[in-house]
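Q: I have a sequence and a 3D model to look at. Can you walk me through it, one feature at a time?

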Amino acid sequence: MVLVVVWVKLVVEGIKDKKVVQVGIIRLVFEGGQMPLQRRLPKRGFNSLSAKSNAQITLKDLDSLCVDSIDLIILKQAGLIPEGIKSVKVISSGNIKRSVLLRGIQVTKGAKREIEAAGGKIE
């Protein structure tokens, strides 16, 4: 009778299973020696997902354009920003000497001061 009980125990639990060999509680994420899920998935890290759709341009870049009314499409056609960009922000680096009209483009405080001082508008 004792042999039968031992045999049933070995069939159910296995001979060299972690539950049989080790005393204590098995971690919830233990996958039986398989590479754990958190190590199989690629790392995300601190890579910004929105950085691929945002761009920055300078006042010097705006001054080099020949157009007075500037929007996202014109910047893409001029080659100042790549095709996948969805929003652009003008930063205050360089000077602008002519008036421009910006449509649908974000502007920093310093760049807004420079554009309005040159006679431009921001919509």
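Q: Where does Gly 84 lie?
A: This is a predicted model, so keep that in mind throughout. Gly 84 lies in a loop.

Q: Leaving aside its neighbours within four places in sequence, which residues is Gly 84 in contact with?
A: Contact here means heavy atoms within 4.5 Å. With those sequence neighbours set aside, Gly 84 touches Lys 52 and Ser 53. Now look at Asn 54. Asn 54 and Gly 84 are 30 residues apart along the chain, yet their C-alpha atoms are separated by 8.8 Å.

Q: How many helices and strands are there in the protein chain?
A: Six helices and six strands. Read them along the sequence and the pattern is α-α-α-β-α-β-α-β-β-β-α-β.

Q: What is the order of the strands in the open sheet of three strands?
A: Start with the general idea. Strands of a sheet pair through backbone hydrogen bonds, in a parallel or an antiparallel way. In this model the order is S2-S4-S6, and the pairing is parallel. The edges are strand S2 (69-70) and strand S6 (121-122), each pairing on one side only.

Q: Over how many bridges do S4 and S6 pair?
A: Two, in the parallel sense. Strand S4 covers residues 101-102. Find Leu 101, then look across to S6: its bridge partner there is Lys 121.

Q: Is Thr 58 buried or exposed?
A: Compare its relative accessible area with the cut-offs: buried means under 20%, exposed over 50%. Thr 58 has 16%, so it is buried. It lies in strand S1 (residues 54-58). Leaving aside neighbours within four places in sequence, Thr 58 is in contact with Val 90, Ile 91 and Ser 93.

Q: How much of the protein chain counts as buried?
A: Of its 123 residues, 18%. The accessible surface of the chain comes to about 9700 Å². Carbon and sulfur atoms account for 58% of that surface.

Q: How many salt bridges does the count come to?
A: Look for a side-chain nitrogen of Lys or Arg within 4 Å of a carboxyl oxygen of Asp or Glu. The count comes to four. One of them joins the side chains of Asp 63 and Arg 98, at 3.8 Å from N to O. Asp 63 sits in helix H4 (residues 59-64), Arg 98 in the loop between S3 and S4, and the two are 35 residues apart.

Q: Which side chain meets Arg 103 in a salt bridge?
A: That of Glu 123, at 3.2 Å from N to O. Glu 123 lies in the segment after S6, while Arg 103 is in the loop between S4 and strand S5 (106-107). The partners are 20 residues apart. Glu 123 is exposed, at 56% relative accessibility. Arg 103 is partly exposed, at 41%.

Q: Among contacts between residues at least 6 apart in sequence, what share joins residues at least 24 apart?
A: In this protein chain, 47%.

Notes:
Residues are numbered from 1 along each chain as its sequence is written. This is a predicted model: local features need pLDDT of at least 70, side-chain atom pairs count only at pLDDT 80 or more; totals for chains, interfaces and linings use all residues. Side-chain values use heavy atoms; hydrogens and water are left out. Helices (H or I, at least four residues) and strands (E, at least two) are DSSP runs, numbered from the N terminus. Two strands pair if DSSP finds at least two bridges between them. Buried means under 20% relative accessible area, exposed over 50%, partly exposed in between (1.4 Å probe, protein chains only). Accessible areas come from the Shrake-Rupley method with a 1.4 Å probe; for residues, only the protein chains shown count as cover.
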